[in-house]
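Q: I have a model open and would like to learn how to read a few of its features. Could you walk me through them?

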Amino acid sequence: MHRIGFHISVAQGFLKVFDDAKTLGANCCQIFTHSPRSWAFNVVSEDIGKLFKIAYEKNNIKPIVVHDSYLPNLASKDCTIRDKSIDSIKKELISCNRMGIKFLNIHPGSHKGQNKKEGLKQICESLNSIEDYVGDVTLLFENTSGMGYVLGSTFEELKYLLDNTNFQCGVTLDTCHLFTSGYDISNSDALENTLSNFDKTVGLECLKIIHLNDSQGEFNSKKDRHEHIGLGNIGQEGFKAIVNHEYLKNIPMIMETPVNEKRGDKENITFLKGMIKT
Ligand SMILES: [Zn+2]
Ligand SMILES: [Zn+2]
């Protein structure tokens, strides 16, 4: 059975996530544990963690993924930023553990004009400095659109991160980021090509989560602008191939699509489910 869901807001409390997901017709989801634009945040308390864990076990909304906030940059040359970033990831890991969440999705980082290799090395060193953490969370490196100095837009870079980090790691592939970083997935043949490239370079078994977003940006444009499923440049043919793909259909798919006058979440999930061949 497909696992399809959304990024869901926890603004009204963590426990509401389960009902919100069900209302949308989702059976998996992604959350932030705090405001993603703030450095100052608390670890989820043990009490809330316990309650969440019980609800998580009881409800068929699985998996739930935590997305880290937007501010951390593990590749930063600036020690203050790097230390804050490491601290922030540590706190997310503790929250995940308390809540029984097994996946923490992170954006690898930005090298801000130093060279790529240095930036990638810095990310691994930053993560490897988290020594005192013992838990059972898989860290997922999300592929990026390759805009500016952002790292992690190529399969080779993702492979480097996986190989040089002493963590239980995996990969999230975001379909919008794939397409705008230059990996075509807009039809069945292109998708096969891209997946075989990923398999050879990284290994399909490392793919744990798919972020399912169409793209406002054109192919290889390095733009990170999400669009409703089927209405962007990846288009309906691409998503039909993705959602019916023999291997991919067993990977949880989480939409981070916009909510606007064109469509909301309900319309996107209905549209997507309508494309699944039974
Ligand atoms: Zn994403
Ligand atoms: Zn994005």
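Predicted model: local features only at pLDDT ≥ 70, side-chain atom pairs only at ≥ 80, totals over all residues.

Q: At what angle do the axes of helix α2 and helix α3 cross?

A: Two packed helices are described by the angle between their axes and the distance between the axes. Here α2 (residues 46-58) and α3 (residues 79-99) have axes that cross at roughly 50° and come within 7 Å. That makes α2 oblique to α3 (under 35 degrees is roughly parallel, over 145 roughly antiparallel, 65 to 115 roughly perpendicular, and the rest oblique).

Q: Which residues of α2 and α3 make the contact?

A: From α2 come Glu46, Gly49, Lys50, Phe52, Lys53 and Tyr56, and from α3 come Asn97, Arg98 and Met99 (contact means heavy atoms within 4.5 Å). By type, the residues of this contact are three nonpolar, two polar and four charged.

Q: Which residues of helix α1 are buried?

A: An α-helix has 3.6 residues a turn, so residues three or four places apart point the same way. In α1 (residues 16-24), the buried residues are Val17, Phe18, Ala21 and Leu24 (buried is under 20% relative accessible area, exposed over 50%, partly exposed in between, with a 1.4 Å probe and protein chains only). They cover an arc of only 130° around the axis, which puts them on the same side of α1. Their packing partners are β1 (4-7), β2 (28-31), α2, β3 (64-67) and α9 (265-275).

Q: Where is there a cis peptide bond?

A: Look at Lys62 and Pro63, which are joined by a cis peptide bond with omega of about -5°. Pro63 lies in the loop between α2 and β3.

Q: And which residue just after α1 has a positive phi?

A: That is Gly25, with phi of about 85°. Asn220 is not a glycine, yet its phi is positive, near 65°. Lys222, also not a glycine, has a positive phi of about 65°. Asn220 sits in the loop between β10 (214-215) and β11 (226-227), and Lys222 is in the loop between β10 and β11 too. Asn220 counts as partly exposed at 38% relative accessibility, and Lys222 counts as partly exposed at 32%.

Conventions:
Residues numbered from 1 in each chain as written. Chains lettered and ligands numbered in written order. Heavy atoms only, no water. Axes fitted to C-alpha atoms, helices over the stretch in contact; angles between N-to-C directions. Helix = DSSP H or I, 4+ residues; strand = E, 2+ residues; numbered from the N terminus. Nonpolar A, V, L, I, M, F, W, Y, C, P; charged D, E, K, R; others polar. Arc of directions from axis to C-beta.
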